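Here is a friendly note to read with the viewer open. Please take the points in order and find each residue as you go.

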Amino acid sequence: MPNQETEPPADTSAGAWIHAPRDIDKLSVLVVDDDFVLARQLADGLAALGQRCITAHSVAEARRILGQRDDIGVVVSDIRMPGGDGLELALHIADTLEEPRAASAVLITGHATLEDAATAIRSGVADFLRKPFRLAELAMAVERSMALAEARRQRAREQAARERRIAELEQERQALLRQMEAASSRLAALPNRQALHGLERDIQAVSHALRTPLNAIAGGAALLARSHDEARLASLEFDLLRSGVAKATEAVELVEELHRLDHAAMPAAEPQPFALSAAVRVAAGRMDATVQAAGIAITLPEQRGAMLHAPRMAVDRILELALGAALDVAAPSSAIRIMCGAAEGWALATLQVSPPGAAWADLPAGAELPPSGTVYSRTQETLRFAVARRIALRLGGQLTSCNTADGGFAMRLALPR
């Protein structure tokens, strides 16, 4: 479509012409009147006020244009025309144009009746002008009607985007369910009871990590299907979906990382000497903003810690995941302290979470925290913890956890020195 005003063809019976201001992205106005001169005058007047206009001279021609073009936002039509009338055209617009192509109708007439007005209302007409009228009145009616059409199209685009995202999330959910089924099959085939127990814990962590965001997504989808309140959509469904999408996306990434740790060799990385306490300080610093937002205080008692000779990036990842797992389940205003030490050839980092106002509980010495009976509940041993534990195992170490006497919990990372 040209983006400047063009003259009508010499034979005006040849069809519509375009009156186009510079804004080529605007929706167009279709002016329909069997009076060629009046149709052009109205279109020229609206174009001079900034509207992009097209003319047609019969209902049949207008319907053809509407069927061929998606950019018609407002149809200004005379009611009385040979071969069909504006009311019929308005009804056609209401019945056949779906929301992504929504258009508003403005009807003009010199012979309005109460019956015409009632029919116009039933036909979804946006405005109704009686001749004679001023161009300013028509311009205002077109502007209001265009805003309605644009709003309907915008809502349709947003709804389509939500539906596409919900469909994508459902596909992701199905893929995750397949991964969980595959993990269950692997579990059934394992002869080693210790490995079997570890995989059971990982599957529980995967299940919990996925259940929460998927429930949020399902809730948001249900509300989307029921609600027509745009304010509620903005404040509730979007929040649910954004939160669910973010958590589901993160869960997918963690499941994929867990899968890679099971099926691929550790990335080649040159071991290097470093103090475990230095890596702890770096990990805590990276989480500082998240910790402050949750109102949680982290303390790092003065300590030298043990020296390691290990891939630094892998150790950094363990600490990042372990601290993230603690923040996932720590109550607001909790306290976290991270202590480094050594025991029997191990370099140790112990992360302890204490509830608000509680004194620090004593923890046993040694590489492992107490085993069964005091290990995390399913909701605490998160997917982050499962991935961190797997990386520690690949480095020849271990990551264990327990509940503590003060109502908190602790994790202990032990890596060979």
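1. **Helices and strands.** Helices (H or I, at least four residues) and strands (E, at least two) are DSSP runs, numbered from the N terminus. The chain as a whole has 11 helices and 13 strands.

2. **What kind of model this is.** This is a predicted model, in which local features need pLDDT of at least 70 and side-chain atom pairs count only at pLDDT 80 or more, while totals for chains, interfaces and linings use all residues. Residues are numbered from 1 along each chain as its sequence is written, and side-chain values use heavy atoms, with hydrogens and water left out.

3. **The chain overall.** A residue is called buried under 20% relative accessible area, exposed over 50%, and partly exposed in between (1.4 Å probe, protein chains only). Of the 417 residues in the chain, 45% count as buried. The chain exposes about 21,000 Å², and carbon and sulfur atoms supply 54% of that area; accessible areas come from the Shrake-Rupley method with a 1.4 Å probe, and for residues only the protein chains shown count as cover. Contact means heavy atoms within 4.5 Å. Among contacts between residues at least 6 apart in sequence, 70% join residues at least 24 apart.

4. Let us return to Arg144, which counts as partly exposed because its relative accessibility is 44%. Arg144 and Ser104 are 40 residues apart in sequence, and their C-alpha atoms are 9.4 Å apart in space. Glu150 also has its place in helix H5. With a relative accessible area of 35%, Glu150 is partly exposed. From Glu150 to Gly73 the C-alpha distance is 7.1 Å, although 77 residues separate the two in sequence.

5. **A cis peptide bond.** Which two residues does a cis peptide bond join? They are Lys131 and Pro132, with omega at about -5°. Pro132 lies in the loop between strand S6 (127-130) and helix H5 (135-189).

6. **Two positive phi values.** Ser333 is not a glycine, yet its phi is positive, at about 70°. You will find Ser333 in the loop between H10 and strand S10 (335-343). Is Ser333 partly exposed or buried? Ser333 is partly exposed, because its relative accessible area is 47%. Glu344, another residue other than glycine, has a positive phi near 50°. The loop between S10 and S11 holds Glu344, and a relative accessible area of 80% makes Glu344 exposed.

7. **Gln352 in strand S11.** Strand S11 covers residues 346-354 and includes Gln352. Gln352 counts as buried because its relative accessibility is 0%. A polar atom of the Gln352 side chain lies 2.9 Å from the backbone oxygen of Ala361. Leaving aside residues up to four places away in sequence, Gln352 touches several residues, among them Ala335, Arg337, Trp360 and Phe409.

8. Ala297 lies in strand S8 (residues 297-299) and is partly exposed, at 42% relative accessibility. Not counting residues up to four places away in sequence, Ala297 touches Val291, Ser334, Ala335 and Ile336. Ala297 and Arg337 are 40 residues apart along the chain, with 8.2 Å between their C-alpha atoms. Gln398 lies in strand S12 (residues 398-403) and counts as buried, at 17% relative accessibility.

9. **The cavity.** On a 1 Å grid over the protein atoms alone, a cavity is a set of points where a 1.4 Å probe fits but cannot get out, and lining residues have an atom within 4 Å of a point. Grid points are joined across faces, edges and corners, and a volume is the space filled by probe spheres set on the points. A search of the whole structure finds one cavity of 30 Å³ or more. The largest cavity holds about 120 Å³ of space, and its lining includes Val280, Leu319, Leu351 and Met411. The elements giving two or more residues to this lining are helix H8 (276-286), helix H10 (312-329), S11 and strand S13 (409-416). The lining has 12 nonpolar residues, no polar and no charged ones. Here Ala, Val, Leu, Ile, Met, Phe, Trp, Tyr, Cys and Pro count as nonpolar, Asp, Glu, Lys and Arg as charged, and the others, Gly among them, as polar.

Technical notes: A polar contact is a pair of N or O atoms within 3.5 Å; within protein, one must be able to donate a hydrogen and the other to accept it, and residues adjacent in sequence count only if both atoms are side-chain atoms. On a 1 Å grid over the protein atoms alone, a cavity is a set of points where a 1.4 Å probe fits but cannot get out, and a pocket is an open set with protein on both sides within 12 Å along at least five of seven lines; lining residues have an atom within 4 Å of a point.
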